[in-house]
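Student: Please show me the structure, and then we can go through its side-chain contacts by question and answer.

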Amino acid sequence: MDACAVSMANGLKYTHLKKSFILKMCLCFGIAQGIMPLIGYGIGHAVLDYIKDYIPWIALGVLSFLGLNMIVGAFHKEEEKNLSKNGVFLQAIATSIDALTVGITIADYNITEALICVGIIGGITTGMCFIGVCIGKRFGTKLGYIAEIVGGLILIGIGVEIFLKGM
């Protein structure tokens, strides 16, 4: 749902995204959401115990930075505002990093079962992100720069939510 909300925020701000970019963005979120539990599965309990306390801080920092950037950008008139591939990558990592802990819950699965879980997580996330960005685009064209502010607030809110759930 975090990735879906961020996709919606992207749709609000970047109303002129091409379909091919939207598909790539949604796949990026889906792959990140699927790979993180797989990484957690591979890492196991030992290493994750050392980094799990920092996951909420990382998510809060990255998403707050991106959200504030979006809000500030709403007040700067530019000819063309583009969502970069790097921006999508950072969003995908920030919204999926807490999924590392899901890998712990599937650590006793065999690799086939773990890969099935990863496929389901990635597929559902991709679909939800596509729906989110389409909803965001629809409202973004009607709301203009206010949509950018709302999108930025959504990103910050997601960062705070991940932080609070992790603490």
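**Salt bridge and cysteines**

Tutor: The side chains of E161 and K165 form a salt bridge, with 3.4 Å from N to O. A salt bridge here is a side-chain nitrogen of Lys or Arg within 4 Å of a carboxyl oxygen of Asp or Glu. This is a predicted model, where local features need pLDDT of at least 70 and side-chain atom pairs count only at pLDDT 80 or more, while totals for chains, interfaces and linings use all residues. Residues are numbered from 1 along each chain as its sequence is written, and side-chain values use heavy atoms, leaving out hydrogens and water.

Student: In which helix do E161 and K165 both lie?

Tutor: Helices (H or I, at least four residues) are DSSP runs, numbered from the N terminus. E161 and K165 are four residues apart, about one turn of the helix. Both lie in residues 145-166, which is helix 7.

Student: Is K165 buried or exposed?

Tutor: Buried means under 20% relative accessible area, exposed over 50%, and partly exposed in between (1.4 Å probe, protein chains only). E161, at 32%, is partly exposed. K165 has 61% relative accessibility, so K165 counts as exposed.

Student: How many disulfides does the structure hold?

Tutor: A disulfide is a pair of cysteine sulfur atoms within 2.5 Å. The sulfur of C129 has its closest cysteine sulfur in C26, 5.4 Å away, which is too far for a bond. The number of disulfides in the structure is zero.

Student: How far from C4 is the nearest cysteine sulfur?

Tutor: C4 is buried, at 8% relative accessibility. C4 is in no disulfide. The nearest cysteine sulfur belongs to C129, and its distance is 6.0 Å.

How values were computed:
Helices (H or I, at least four residues) and strands (E, at least two) are DSSP runs, numbered from the N terminus.
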